[in-house]
Amino acid sequence: MAAEIPHPKMQILHGIPASGGIAIGKGFFLSRALPRSVHSTVSREKLDEEVAAFHRALARSKEQLNAIRDSVRDPESDHYQILTVHLALLDDSMVVDQTVRLIRENQYKADWAFNKVLQNLLESFHRIEDPYLRERANDVRQIGHRVLENLAGNPVDSIASIKEPVVVIAHDLSPADTAQILNSSVLGFATDVGSKTSHTAITARSLGIPAVVGLEKVTEEYVPGDGVILDGEAGVVILRPTPEKVREYQDKRKAYGHKIRDLAKFARLPAITRDNKTLKLHANIEFPEETDIALRSGADGIGLYRTEFLFLNRKDLPSEEEHYQTYKLVAERFGQHPVTIRTFDLGGDKFASQIELADEMNPAMGLRAIRFCLKERDIFKAQLRAILRASVHGKVRMMFPMISGIGELRSALAVVEEAKAELKKRRQPYDKEIQIGIMVEIPSAAVVADLLAREVKFFSIGTNDLIQYALAIDRINEHVSYLYEPLHPAILRLIRRIVEAGHDAGIPVSMCGEMAGEPLYSYLLLGFGLDELSMNATAIPRVKRIIRKSNAYEAKEFASSMLLHGMAVDIERGLRKKMDDLFPDEKF
Ligand code: PEP
Ligand code: MG
């Protein structure tokens, strides 16, 4: 008697939490690997038939992609554009002609011929250093998968065809897949690859679907038919959960639902303290698609729009018109609430493949952000004109990153004047009262904040970089991450100094680094007198709840007392104790 194969046991995988929430259900494996083809040939008489079959598979693939693209109504959206690229690949004469030649000359069967062409293409992508082009390999694989499945007469699994509630398991999801999630019954998804800012993660967040990405081997470990639990907040995926685990997570799901409903009530309320001090809570966005979730979370505006994302994942530079259309969309959505557009911050760890940046020993301190803009004025000015033009469609504010002192600020303002003059000449309108501010994220700017405050309309403290430069700790180096201390007395003194300098000059001071969205710090930041906090949209309701339960006067006293400590650990201990005492229902 054959030994029974034991069913694999429950398995817990850890990945990157991409979108909060808990999903419990059956798994659905969405294969996006190229189906296996074997070397096979056909007789001479069958060659015409083979070529015709290949063209039929191409036509069918085009039909399917066209239908998916039509379901994405906004031609400006990333989805639509990427699907257009996929469609163009199906018409690529090199791919089509080479496949037909291999069929006719080598008598290959169509799938083998097409597979050969794809493999050659994928290999050449591997050798390319340009990350943009390397990423395009994924497009080729996705298209290849579709054509080969159509050639074999297999149905191409699609999210639209999923009729029951399932947790999707995939190596990666293509834009064609994510475009279909909105009206599907998908409960959540788990992928091998991806990061917090990958396309899939962003879509999940904006649709409010739980997701865990970067699991590395979820597709390897998943067995068809498995039950799956997905915890998008903890970044955990459990395959083949025991009944006890399912019960445990059903309770967690219920508690999560209550928490979200409770928090949603706060989204609509103002962030006003018990003694009537109002704080503005703004959202940070990277893509215009995130405006929906920002509005739903109760954002009073956009405090940081990282426009460099417009430059990523593409081969050409965005045109002035494209900048303008994108900013206009966001400005209109927010009406009279401010939308703070930061001029692009490329360089450092954010690079764009279409701009030749020199290899630098020390990119974080190199030619990045405003320094790069002042060198490449045409690229800079195109963006400035677009921001100015968009300013008539809402309440747009403009902000420069990485300003180190007065000289640099004045140079940037001079380019804005040139951009305005050009628009006047073109008779294109812009808001004459547009507010221009700076990020204070370089220690030198913090030290001369009193001088800078006289020449701008607002400050926004970029703690991610301010901490990196003030403490000399590379923000992306995991070996020194233990030294990255937002509560270091030097950082708190810098924050206080910047706020005081801003207020002495009568301008508002915001904070838009990650520190602003961390509930543990909300009370302390209120105490330091910040006027606005800008954060990941989903953090807004929780920070609002804390602010609404706080007393600004007492928070100020407390913040001053924390400045008497000499070490971050002591400040953290004092802060945690205070927060636990004041907000016993919150977990920090
Ligand atoms: C910062 O430095 O704190 C910031 C908000 O900007 P970025 O993270 O884009 O550098
Ligand atoms: Mg920064």
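**The shell around ligand 1**

Reply: In this predicted model, two elements, β11 (302-306) and α17 (463-470), each contribute at least two residues to the shell around ligand 1. Of the shell, α17 provides the largest share, with three residues. In total, 14 residues surround ligand 1, and the closest of them are Arg306, Arg342, Gly462, Asn464 and Arg475. Sorted by class, the shell comprises seven charged, four polar and three nonpolar residues.

Several side chains approach oxygen atoms of the ligand. In Arg342, a side-chain N or O atom is 2.8 Å from an oxygen atom of ligand 1. For Glu441, the corresponding distance between a side-chain N or O atom and an oxygen atom of ligand 1 is 3.0 Å. Asp465 likewise has a side-chain N or O atom 3.0 Å from an oxygen atom of ligand 1. On its own, ligand 1 has 290 Å² of accessible area, and the protein covers 99% of this.

A note on the cysteines may complete the account. The structure holds zero disulfides. Cys373 takes part in none, as the nearest cysteine sulfur, that of Cys512, is 16 Å away. Because a disulfide requires two cysteine sulfur atoms within 2.5 Å, the 16 Å from the sulfur of Cys512 to the closest cysteine sulfur, in Cys373, is too far for a bond. Cys373 is buried, with a relative accessible area of 0%, and Cys512, at 1% relative accessibility, also counts as buried.

Methods:
Residues are numbered from 1 along each chain as its sequence is written. Chains are lettered from A and ligands numbered from 1 in the order in which they are written. This is a predicted model: local features need pLDDT of at least 70, side-chain atom pairs count only at pLDDT 80 or more; totals for chains, interfaces and linings use all residues. Side-chain values use heavy atoms; hydrogens and water are left out. Buried means under 20% relative accessible area, exposed over 50%, partly exposed in between (1.4 Å probe, protein chains only). A residue is near a molecule or strand if one of its heavy atoms lies within 4 Å of it. A polar contact is a pair of N or O atoms within 3.5 Å; within protein, one must be able to donate a hydrogen and the other to accept it, and residues adjacent in sequence count only if both atoms are side-chain atoms. Accessible areas come from the Shrake-Rupley method with a 1.4 Å probe; for residues, only the protein chains shown count as cover. Helices (H or I, at least four residues) and strands (E, at least two) are DSSP runs, numbered from the N terminus. Ala, Val, Leu, Ile, Met, Phe, Trp, Tyr, Cys and Pro count as nonpolar, Asp, Glu, Lys and Arg as charged, and the others, Gly among them, as polar.
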